[in-house]
Amino acid sequence: MTTVQSRTTTTEAQAVRTGAQWIVDVLAEQGVTTVYGYPGGAIMPLYDALYDADVRHVLTRHEQGAALAAVGHARSTGQVGVCLATSGPGATNLVTGLADALLDSVPVVAITGQVASPLIGTDAFQEVDVLGLSLACTKHSYLVRDVRDLPRVLDEAFELARSGRPGPVLVDVAKDVQLAPVPADVLMARADANDHPTAQTRGASPAAYGLGLEVDEQDVAAARELIRMARRPVLYVGGGVVSADATAELRALARATGIPTTTTAKALGALERGAGLHLGMLGMHGNAAANLAVQQADLIVCVGARFDDRVTGNPATFAPGARVVHLDVDPAEVGKVRRADVRLIGDLRELLPRLTVETDIEPWRTRVGELARQHGWRYDHPGEGIYAPALLRELSERMPARTVVTTDVGQHQMWACQHVEVDHPRDFVTSGGLGTMGFGLPAAVGAQLARPGDTVVCISGDGSIMMNIQELATLRRYGLPVKILLLDNQRLGMVRQWQELFFEARYSETTLDDNPDFVAVAAAFGVAGRHISRRDEVAGGVAELLACPGAFLLHVSIDAQENLWPLVPPGASNSDMMGELP
Amino acid sequence: MSADRREDTTERQRGRPAAAGRGATEGISADRREDTTERQRGRPAAAGRGATTGTSRSPGTTHLEVVARVAPELIERLGRVLRHRGALVERLTFEACASEAVLHADVRCAAPVEVIVAQLERLPDVHSVRAS
Ligand SMILES: Cc1ncc(C[n+]2csc(CCOP(=O)(O)OP(=O)(O)O)c2C)c(N)n1
């Protein structure tokens with residue numbers, strides 16, 4: 001009785017809320033403390049509602065920055081990231097960030113303003129079919145043309161973004177819906193419906209919500225048997241472990257079974273550094289030992305990974321002698337690229353502990369240990385110039401515990417994956433699936449706002465940094481102490497390297513010898529900086545970067561011709577790595 | 001039904017796609033009679049069932065039946081997944097009522113059909129997918 005009364009009172013109070021105010025209420029209810037966005041005509045009612053709300057709005061200087069900051073926020077914390085934009089160009093600018101979130105399974109809710117309902121379909125000013133645009137770059141999307149639908153849609157959007165395999169959800173809200181009062185009966189019905197699991201009552205897709213994934217006991221038994229019988233097993237770990245928050249369970253399994261481990265870029269940090277037989281990243285630019293161990297394996301236990309082409313090389317030659325046990329929350333990933341001998345669909349936190357069995361793999365562990373020693377990284381390098389891997393190693397060793405590292409895309413990204421070690425997968429935030437140049441700085445903005453007590457370092461390249469350089473203004477506006485490590489080879493280095501190797505050194509449009517003075521650019525935004533170009537400046541430069549209480553840009557000149565090794569050529573087997581293998 | 005079959009064969013021979021809509025419509029009307037009870041329960045008639053049985057399906061095609069929550073963009077969503085995942089739609093029928101919609105499609109795909117089914121099942125609006 002009391003419950004009903006208080007619910008009614010709440011509902012009556014809420015009855016006077018407009019759609020825009022309701023959106024803000026839901027953000028608060030969902031525990032969202034910070035949203036990233038950029039205003040405009042069709043979303044003005046929402047910005048008005050935010051004006052005196054408790055939810056903090058962070059103005060980025062481009063909507064792509066807002067979307068990627070939401071991604072950085074979500075990935076460094078596990079919370080849902082939220083971004084806002086107006087109709088038309090605001091929404092189109094979000095698209096790359098949403099695609100990034102889709103390919104890396106990041107929970108993001110994007111709210112866009114749409115022209116008023118009567119104008120939809122008239123080619124009104126700043127009208128674009130945002131729902132149409134969203135189909136290929138979101139997990140799901142909605143256009144709200146009736147305020148009665150708004151509460152349900154917002155609830156679903158948050159639920160969908162974080163459940164099952166997480167992903168971005170877009171809610172496009174017509175301007176008149178933002179202005180209209182939300183009817184009391186709708187809120188009353190919502191209050192009642194909240195007594196039930198929402199997705200189930202709506203009869204929605206179990207796969208999308210990660211529901212009804214009952215594990216077949218026979219499959220678990222079969223997986224255990226394969227692991228017990230294996231003589232050369234490898235745990236191949238992907239971002240699913242991070243989404244499922246199953247790091248502890250993974251580490252326990254690795255410890256208990258002694259199985260050598262390797263991760264994708266998205267799962268770096270999921271295994272403790274230096275613990276057991278962890279071989280680092282595998283794939284196109286993976287550690288040679290990791291690739292060789294996988295190629296020799298007789299069993300691959302794939303945990304929340306998807307046999308991405310950057311991991312497998314030619315999939316027909318990937319781990320040719322191995323059987324596969326594949327664990328994932330998304331049934332669509334299992335068997336998509338590589339047939340699984342045993343498929344375990346479900347929550348990794350529940351599945352992983354069930355795979356602990358006694359193993360008989362000592363000779364294999366010895367062999368893998370040898371591989372790891374034989375192919376360890378070397379940091380000696382001739383000349384006076386700065387060798388990027390050595391600098392990144394220096395950073396890795398000096399940065400405080402729980403530093404969040406974000407990267408851009410290119411050679412510097414892969415060097416960071418190889419040489420920067422973190423202890424927690426939410427501390428390494430890199431654009432994996434989409435490979436989005438321009439990711440690093442806005443992702444660092446989101447990470448820094450989400451984790452104000454932690455150091456945040458953005459490792460970037462001279463090509464990538466220019467793609468969202470405007471976000472230096474966001475650092476200044478909010479006093480964010482993000483540390484930028486800019487590896488400048490005056491080239492679009494990754495593409496230049498491929499041109500050298502695979503296009504007869506015909507360097508088409510990859511030379512950036514007209515870059516701006518980056519320290520001066522930073523200064524113009526109120527960000528301190530320093531330029532270094534000699535190896536004897538590395539220690540001091542890194543120390544200054546990390547010690548600076550505010551934002552800092554360390555501009556590092558490196559050799560334009562430096563290549564990234566190893567490299568599995570496109571279409572080749574992971575056994576055929578090119579490069580100066582140690 | 002056999003009349004439909006003859007019609008479709010002729011159009012196919014002219015190098016045009018089978019008149020899915022027409023065949024489907026005729027199919028649906030047959031189904032409509034059959035499915036009154038289902039409709040009364042608030043479900044749309046299984047539109048394509050009529051369409052499929054009423055027309056020929058070329059060898060190598062798979063029939064998909066997708067039941068989903070109604071949304072204005074539902075056809076686009078399903079069509080996009082089919083195209084993007086490599087299924088070529090040869091025939092399509094769709095019917096929606098207030099809450100649920102049924103799509104029937106004959107598709108030809110290079111990828112294993114289970115892959116397409118799994119991708120369709122991931123769509124939040126989709127209740128079920130059947131391949132035959
Ligand atoms: C938005 C976007 N455009 C183009 C590319 C293709 N691309 C991949 S790496 C790369 C070069 C990156 O150059 P830079 O940021 O300077 O890094 P470097 O490779 O030199 O370390 C390019 C152009 C991309 N990944 N993203």
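User: Which residues of H4(A) and H21(A) meet?

Analyst: Contact means heavy atoms within 4.5 Å, and helices are DSSP runs (H or I, at least four residues) numbered from the N terminus. In this predicted model, Gly65(A), Leu68(A), Ala69(A), Gly72(A), His73(A), Ser76(A) and Thr77(A) of H4(A) touch Pro442(A), Ala443(A), Val445(A), Gly446(A), Ala447(A) and Ala450(A) of H21(A). Sorted by class, this contact holds seven nonpolar, six polar and no charged residues, where Ala, Val, Leu, Ile, Met, Phe, Trp, Tyr, Cys and Pro count as nonpolar, Asp, Glu, Lys and Arg as charged, and the others, Gly among them, as polar.

Being a predicted model, it is read with local features at pLDDT of at least 70 and side-chain atom pairs only at pLDDT 80 or more, while totals for chains, interfaces and linings use all residues. Residues are numbered from 1 along each chain as its sequence is written, chains are lettered from A and ligands numbered from 1 in the order in which they are written, and side-chain values use heavy atoms, with hydrogens and water left out.

User: At what angle do H4(A) and H21(A) pack?

Analyst: Axes are lines fitted to C-alpha atoms, for helices over the stretch in contact, and angles run from 0 to 180 degrees between N-to-C directions. Angles under 35 degrees count as roughly parallel, over 145 as roughly antiparallel, 65 to 115 as roughly perpendicular and the rest as oblique. H4(A) (residues 63-77) and H21(A) (residues 440-450) pack at about 50°, with axes 6 Å apart, and are therefore oblique to each other.

User: How do H5(B) and H6(B) pack?

Analyst: The angle between H5(B) and H6(B) (residues 113-121) is about 150°, and their axes lie 10 Å apart, which makes H5(B) roughly antiparallel to H6(B). Leu78(B), Val81(B) and Leu82(B) of H5(B) make the contact with Ile116(B), Gln119(B) and Leu120(B) of H6(B).

User: Which residues lie nearest the centre of the second largest pocket?

Analyst: On a 1 Å grid over the protein atoms alone, a pocket is an open set of points where a 1.4 Å probe fits, with protein on both sides within 12 Å along at least five of seven lines, and lining residues have an atom within 4 Å of a point. Of the 28 residues lining the second largest pocket, Leu102(A), Arg80(B), Arg85(B), Gln119(B) and Arg122(B) lie nearest its centre. H5(B) gives the most to this lining, with four residues, and the lining divides into 14 nonpolar, four polar and 10 charged residues.

Technical notes: Helix = DSSP H or I, 4+ residues; strand = E, 2+ residues; numbered from the N terminus.
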